[in-house]
2 protein chains.
Amino acid sequence: MEEISADVEAHFPEYLALLKRALSQPSIAAEGQGISEMAELLAEDLRAVGFAVEIVPTDGAPVLLAHMEGQRPERLLFYNHYDVQPVDPLELWEFPPFEPTVRDGKLFARGASDNKGAIYARLAAVESYLRVRGTLPLGLTWVIEGEEEIGSVHLHQFVEARKDALKNLLGCVWEAGGKDARERYEIALGCKGILYVELRARGAARDLHSANAAIVENPAWRLVWALNSLKGPDGRVRIPGFYDTVRPPTPAQRAALADWEFPEDEVRKLYGIDRFLDGLTGMALKERLIFGATCNIDGFHSGYGGPGSKTVLPAEVVAKLDFRLVPDQEPKQVVEALRKHLDAEGFSDVEIAWWEGEKPWAGDPEHPFVQTAIRAAERVYGHLPAILPMMAGTGPVYLLCGQFGTPMITAGVGYADSRAHSPNENIRLQDFAQGIKYIVAMFEEISGWLGKGD
Amino acid sequence: MEEISADVEAHFPEYLALLKRALSQPSIAAEGQGISEMAELLAEDLRAVGFAVEIVPTDGAPVLLAHMEGQRPERLLFYNHYDVQPVDPLELWEFPPFEPTVRDGKLFARGASDNKGAIYARLAAVESYLRVRGTLPLGLTWVIEGEEEIGSVHLHQFVEARKDALKNLLGCVWEAGGKDARERYEIALGCKGILYVELRARGAARDLHSANAAIVENPAWRLVWALNSLKGPDGRVRIPGFYDTVRPPTPAQRAALADWEFPEDEVRKLYGIDRFLDGLTGMALKERLIFGATCNIDGFHSGYGGPGSKTVLPAEVVAKLDFRLVPDQEPKQVVEALRKHLDAEGFSDVEIAWWEGEKPWAGDPEHPFVQTAIRAAERVYGHLPAILPMMAGTGPVYLLCGQFGTPMITAGVGYADSRAHSPNENIRLQDFAQGIKYIVAMFEEISGWLGKGD
């Protein structure tokens with residue numbers, strides 16, 4: 001480790017230069033800007049280090065699939081994405097978002113934290129490892145998609161086409177993460193799933209004078225009543241069977257959660273709220289956040305939305321809902337139960353216009369792969385990391401890992417003020433250097449674990 | 001009557017030219033276009049006939065107040081408006097909206113039906129009456145506002161300033177109306193009132209990642225539940241006391257309603273609906289339309305409304321509601337009951353951001369003033385008119401008439417295909433001529449009624 005660490009430090013300026021070049025290339029999936037250019041640039045950088053790279057087309061952005069053989073036959077999976085969020089509002093940026101700028105030990109650019117910094121930390125780790133040891137200790141499969149920021153909409157096409165590359169993997173190092181507000185390194189082991197539905201109700205063929213509300217059904221009322229039937233002020237989802245498949249957290253998951261610190265005061269202040277939902281606090285709050293299924297109104301739009309008063313009987317109303325799912329809830333089962341529930345409650349006129357979903361995946365903190373990640377973090381960061389068995393958000397973890405039984409851990413180079421998705425996104429150079437060393441340490445820890453098994 | 005009718009016919013080309021000149025002047029209240037120019041032009045035309053005209057300023061468009069003395073001390077009130085609706089979508093007009101064009105006996109222009117045609121029919125009637133008889137049979141007070149199409153927002157300032165001019169009036173000839181789809185002339189005697197409220201609920205200080213829905217209140221849910229507490233699928237408004245002050249229609253009002261034809265099939269076809277609310281039909285449908293109070297969602301907006309899926313926990317949600325009120329419901333009482341109800345149901349966090357209201361006013365078909373209007377219609381149109389004790393919509397009838405105990409009738413020159421508020425607004429020249437004669441007939445009928453009383 002010391003020898004490789006020294007190599008990382010010696011070549012740090014080159015690694016930083018490579019990252020800056022990648023950050024200079026816009027790659028905004030939502031706007032279709034620079035996507036193929038970024039895929040080419042990244043493929044070039046991966047090949048330069050020795051990866052065999054395939055650019056796998058999809059109906060959207062291509063997915064990079066990179067391979068490198070190692071000393072052992074076992075293979076590790078890396079998952080990242082080369083796309084970034086849009087930059088609006090541009091006027092709030094201190095430096096141009098695609099002109100990476102180092103100031104006070106921080107590197108500012110769109111994508112620095114989410115997640116080109118993590119990509120190039122991994123690339124640097126491989127390069128330093130190879131320079132010192134000649135080969136990786138185990139094989140590496142690297143999937144880098146270009147649509148993560150728009151919901152990984154075509155990743156399933158890649159998975160379908162390259163299923164074999166995703167089977168029998170030792171574990172996955174997922175994108176995202178870093179240090180929390182108290183500088184503690186944090187590792188997550190999974191993601192909630194999601195069911196996203198668009199509900200629609202229709203009334204007359206066009207908007208009518210609201211005097212007609214006396215005799216013509218208003219679809220906005222229909223949808224209000226339908227939504228009310230889904231969840232009441234007690235917060236419980238009323239769809240029959242919704243909670244039936246929920247698996248309670250294991251003792252190890254619960255212990256990890258107890259050890260994880262959630263900065264309640266800071267979050268309340270940041271969000272501008274007096275209290276959390278239902279007055280939750282402490283362990284109950286953490287359990288709800290991490291292991292609680294939700295039913296959220298993402299959008300509800302109907303009729304007049306301008307200033308002042310305008311009377312109208314709207315012809316149509318659309319609501320968008322997301323259900324964050326926890327193991328073992330399944331999006332397909334929930335949407336079927338939702339349809340049945342709406343019908344049973346008298347809302348067969350309320351249409352499920354379309355839906356999409358991802359399955360949830362929670363990890364086991366006691367899994368030996370997770371344990372290697374914990375030991376690597378302790379070596380590099382000097383303390384035991386916080387372990388989050390599942391993230392409150394959703395990503396394609398089930399798609400890439402869960403369905404193949406591949407355990408996952410997150411590894412990132414962000415910190416509490418990294419401002420991912422916001423103006424002035426940045427990472428600290430020291431976190432980038434530590435992020436490189438963390439991957440090196442993981443190679444060594446996995447190597448040790450596999451060695452013991454021989 | 002015959003002598004005056006002959007005068008009307010002899011001078012019809014001049015009357016039409018005057019109307020066309022007025023229709024050439026845009027006067028779009030919503031866009032503030034041509035308002036003062038139109039007020040000046042109209043004042044000029046009124047003065048030319050012999051009216052004493054005052055242009056009464058308000059914080060919005062000025063209100064014209066015109067006076068003419070008659071043989072008797074009693075005075076009649078005319079109410080009209082000189083503003084028109086916007087012309088969008090312009091591409092659907094067959095002729096430019098402010099270049100009045102006669103084609104196939106129809107006059108096409110924005111405002112032809114709503115309601116410059118009615119204004120100039122009245123002006124023509126006064127001119128012909130004066131030319132033949134020398135003076136009007138009774139005094140005339142004429143109020144012509146310039147903001148009807150945007151809710152008569154400053155008319156109350158005029159009423160406050162000129163209250164004395166509105167007291168002790170015999171009756172009011174309101175704007176609007178004409179012939180129905182079966183060519184029957186229709187007279188309305190009042191308007192529903194309205195309470196318009198904007199409800200608002202707030203959550204976090206800004207939109208959050210929807211993963212936070214597990215622990216942060218979503219204001220869209222709060223408003224869904226609050227709205228659900230106002231009205232359920234049975235359609236009954238649940239605000240305590242809402243129906244307490246509702247006065248049932250009198251036998252005469254009910255008889256008028258029974259005689260009024262509502263073209264159910266045509267309306268269902270026009271609106272693109274299979275059935276009316278609650279499957280209503282016949283007399284029950286007419287009663288609900290004309291005498292039923294409503295609670296309508298005009299708008300509900302929160303969170304993401306674009307295509308596809310975006311997860312967000314919205315920070316704020318706004319709903320706009322209108323309650324159409326019937327005698328003797330009062331907007332102020334209803335909004336107070338609404339506030340109490342929300343508090344009692346646990347929604348004190350749901351804010352009534354602002355409200356505005358107008359009181360309802362229903363007329364008595366047996367009132368002698370209304371009877372003069374019926375007789376005048378029978379003389380001019382050759383059949384008994386349909387009588388609507390109240391319109392399903394709302395106008396400032398209580399403000400100008402109701403509060404002073406002035407009975408009202410509507411008189412217009414429109415027909416079923418007049419397309420008020422739409423492209424290709426038009427009137428038929430024969431309806432314009434009949435509209436002039438109808439006002440003459442009303443002068444004579446009122447004169448006869450008052451003469452009997454002497």
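Modeller: B:N115 lies in helix α4 of chain B, where helices (H or I, at least four residues) and strands (E, at least two) are DSSP runs numbered from the N terminus. A cis peptide bond joins B:D114 and B:N115, with omega about -10°. This is a predicted model, in which local features need pLDDT of at least 70 and side-chain atom pairs count only at pLDDT 80 or more, whereas totals for chains, interfaces and linings use all residues. Residues are numbered from 1 along each chain as its sequence is written, while chains are lettered from A and ligands numbered from 1 in the order in which they are written.

Colleague: Which other residues are joined by a cis peptide bond?

Modeller: A:D88 and A:P89 are, with omega about -5°, and A:P89 is found in the loop between β3 (70–81) and β4 (101–103) of chain A. Most residues other than glycine have a negative phi, and most peptide bonds are trans.

Colleague: At what angle do the axes of helix α2 of chain B and helix α4 of chain B cross, and why is α2(B) called oblique to α4(B)?

Modeller: The axes of α2 (residues 12–23) and α4 (residues 112–133) of chain B come within 10 Å and cross at roughly 140°, the axes being lines fitted to C-alpha atoms, for helices over the stretch in contact, with angles from 0 to 180 degrees between N-to-C directions. Angles under 35 degrees count as roughly parallel, over 145 as roughly antiparallel, 65 to 115 as roughly perpendicular and the rest as oblique, and the angle therefore makes α2(B) oblique to α4(B). On the α2(B) side the contact is made by B:Y15, B:L18, B:L19, B:A22 and B:L23, and on the α4(B) side by B:A112, B:K116, B:G117, B:Y120 and B:A124, contact being taken as C-beta atoms, placed from the backbone, within 7 Å.

Colleague: What makes α3(A) roughly parallel to α4(A)?

Modeller: Helix α3 (residues 35–49) of chain A packs against α4(A) at an angle of about 20°, their axes 10 Å apart, and that angle makes α3(A) roughly parallel to α4(A). The crossing here is left-handed, and the residues that make the contact are A:D45, A:L46 and A:V49 of α3(A) with A:L123, A:V126 and A:E127 of α4(A). By class, this contact has 4 nonpolar, no polar and 2 charged residues (Ala, Val, Leu, Ile, Met, Phe, Trp, Tyr, Cys and Pro count as nonpolar, Asp, Glu, Lys and Arg as charged, and the others, Gly among them, as polar).

Colleague: How do you know that B:P407 is buried?

Modeller: A residue is buried if 20 or more other C-beta atoms lie within 10 Å of its own, exposed if 12 or fewer, and partly exposed in between; B:P407 has 20 such atoms and is therefore buried. B:P407 has its place in the loop between α12 (397–400) and β16 (408–410) of chain B, and, leaving aside neighbours within four places in sequence, B:P407 is in contact with B:G171, B:G363, B:H367, B:F369 and B:V370.

Colleague: Why is B:D349 called partly exposed?

Modeller: B:D349 has 16 C-beta neighbours inside 10 Å and so counts as partly exposed. B:D349 lies in the loop between α10 (331–344) and β13 (351–358) of chain B, and beyond four places in sequence B:D349 is in contact with B:A201 and B:R222.

Colleague: What is the phi of A:D278, and what is that of A:R419?

Modeller: Phi of A:D278 is near 60°, a positive value in a residue other than glycine, and A:R419 likewise has a positive phi, of about 55°, although A:R419 is not a glycine. A:D278 is partly exposed because 13 other C-beta atoms lie within 10 Å, and A:R419 counts as partly exposed because there are 18.

Colleague: How many of the residues of helix α4 of chain A are buried?

Modeller: Of its 22 residues, 18 are buried, and the helix is mostly covered. Just after α4(A), A:G134 takes a positive phi of about 90°.

Definitions and conventions:
Contact = placed C-beta atoms within 7 Å. Left-handed = near helix turned anticlockwise from the far one by under 90°.
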